[in-house]
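Trainee: I have a new structure to read. Can you take me through it step by step?

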Amino acid sequence: MEETIITSVQNAKIKHVVALQQKSSLRREEGLFVVEGQREIEHCKACGYEVTEEYIRDKNVSPQVYEKMAYRGSTEGHIAVVRCKEHTLSILNSQLSIKNNPLVVVLESVEKPGNLGAILRSAEAAGIDALIVCDPLTDMYNPNVIRASIGGVFCVPTAVCSSQECIAFLKEHGIKILTAQLQDSYEYYDYDMTQGTAIVMGTESTGLTNQWREAADAHIRIPMLGRLDSLNVSVSAAILMYEAVRQRNCK
């Protein structure tokens, strides 16, 4: 039987997809989010996410309806509604407990979805064991997070919690805390990252809060040899992650 094509942008299902794209409160309330693009949807399914609806341009939605639904321009004509997963420390605990010397990235109060997505993309590429987002100012399933991560958001084991909870979790697991900061710090390549390590990053505007500075086992910095005094947080995170990978591969 031929599938009916939705041609009205006023269709209730279409309006629901648009609302999920735009409203983080609705995503949290319903436990649903939207994924655009064939590649991202394939990553999503491969990582065990439940797809509840799929819309394909010219198959079950018209081009005009698809344009209304799509958050970005080029998405290969494929959109899916997906059920969120839980991102708790208790779930992460079972995954890290079987790891030797886990490598964790911690982000405090990340506010720009594009930065969170870019860090998730680098974390997946570097084989990071987990990412913990503390006191976030954006949600994990913001469309820009998904877009910037190129599917990494689905693959990297991730927890969302308070900074206080995260510090207690890391200390309980014997994971050394390295805070990236300019003050009272030394070059990142001088610290041994082959043991269980958490690389902790703050916001570009204010950096890390004092609770992280005080909880740290060491403070590290990336040397700034030009006139500027900082890098984009996603670039800094990638440099530090790959330094840990380099050290571990050289053991």
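Mentor: Start with a cut-off. Buried means under 20% relative accessible area, exposed means over 50%, and partly exposed lies in between. Glu 50 stands at 45%, so Glu 50 counts as partly exposed. Keep in mind that this is a predicted model.

Trainee: Which side chain does Glu 50 meet in a salt bridge?

Mentor: The general idea is a side-chain nitrogen of Lys or Arg within 4 Å of a carboxyl oxygen of Asp or Glu. Here the partner of Glu 50 is Arg 83, at 3.2 Å from N to O. This pair links distant parts of the chain, 33 residues apart. Arg 83 sits in strand E3, and Glu 50 sits in the loop between H3 and E2. Arg 83 is partly exposed, with 36% relative accessibility.

Trainee: How many salt bridges are there by this rule?

Mentor: The count comes to 6. Among them is the bridge between Glu 54 and Lys 45, with the closest N and O atoms 3.0 Å apart. Glu 54 is partly exposed at 30%. Lys 45 is partly exposed too, at 41%.

Trainee: Where in the chain are Asp 129 and Lys 99?

Mentor: Their side chains meet in a salt bridge, 3.6 Å from N to O. Asp 129 is in the loop between helix H6 (113-126) and strand E5 (130-134). Lys 99 is in the loop between H5 and E4. The two are 30 residues apart, so this pair also links distant parts of the chain.

Trainee: Is Asp 129 buried or exposed?

Mentor: Asp 129 counts as buried, because its relative accessibility is 15%, and the cut-off is 20%. Lys 99 is partly exposed, at 38%.

Trainee: Now the sheet. In what order do the 3 strands run?

Mentor: First the general idea. Strands of a sheet pair through backbone hydrogen bonds, either parallel or antiparallel. Here the order is E1-E3-E2, in an open sheet with antiparallel pairing. Strand E1 (32-36) and E2 are the edge strands, and each pairs on one side only. From one strand to the next, the twist averages 20°.

Trainee: How many bridges join E1 and E3?

Mentor: E1 and strand E3 (residues 78-83) pair over 5 bridges. Leu 32 stands opposite Arg 83 in E3.

Trainee: Which helix lies across E1, E2 and E3?

Mentor: That is helix H1 (residues 12-22), running at about 90° to E1. Helix H3 (residues 38-46) packs on the sheet as well, touching E1, E2 and E3. The direction of H3 makes about 25° with that of E3.

Trainee: Which residues have a positive phi without being glycine?

Mentor: Take Asp 58, with a phi of about 75°. Asp 58 lies in the loop between strand E2 (51-56) and helix H4 (63-69). Asp 58 is exposed, at 54%. Asn 101 has a positive phi of about 50°. Asn 101 is in the loop between helix H5 (89-96) and strand E4 (103-108). Asn 101 is partly exposed, at 37%.

Trainee: Last topic, the surface. What makes the nonpolar patch of about 430 Å²?

Mentor: Leu 182, Met 224, Leu 228, Leu 231 and Val 235 make that patch. Look for Met 224 in the loop between strand E10 (218-221) and helix H11 (233-249). Met 224 is partly exposed, with a relative accessible area of 30%.

Terms used:
Residues numbered from 1 in each chain as written. Predicted model: local features only at pLDDT ≥ 70, side-chain atom pairs only at ≥ 80, totals over all residues. Heavy atoms only, no water. Patch = residues over 30% accessible without salt bridge, like charges linked within 9 Å, V, L, I, M, F, W, Y side chains within 5 Å. Areas by Shrake-Rupley, 256 points an atom, 1.4 Å probe, with all protein chains shown as cover. Helix = DSSP H or I, 4+ residues; strand = E, 2+ residues; numbered from the N terminus. Buried < 20%, exposed > 50% of the residue type's maximum accessible area, 1.4 Å probe, protein only. Pairing = 2+ DSSP bridges. Axes fitted to C-alpha atoms, helices over the stretch in contact; angles between N-to-C directions. Contact = heavy atoms within 4.5 Å.
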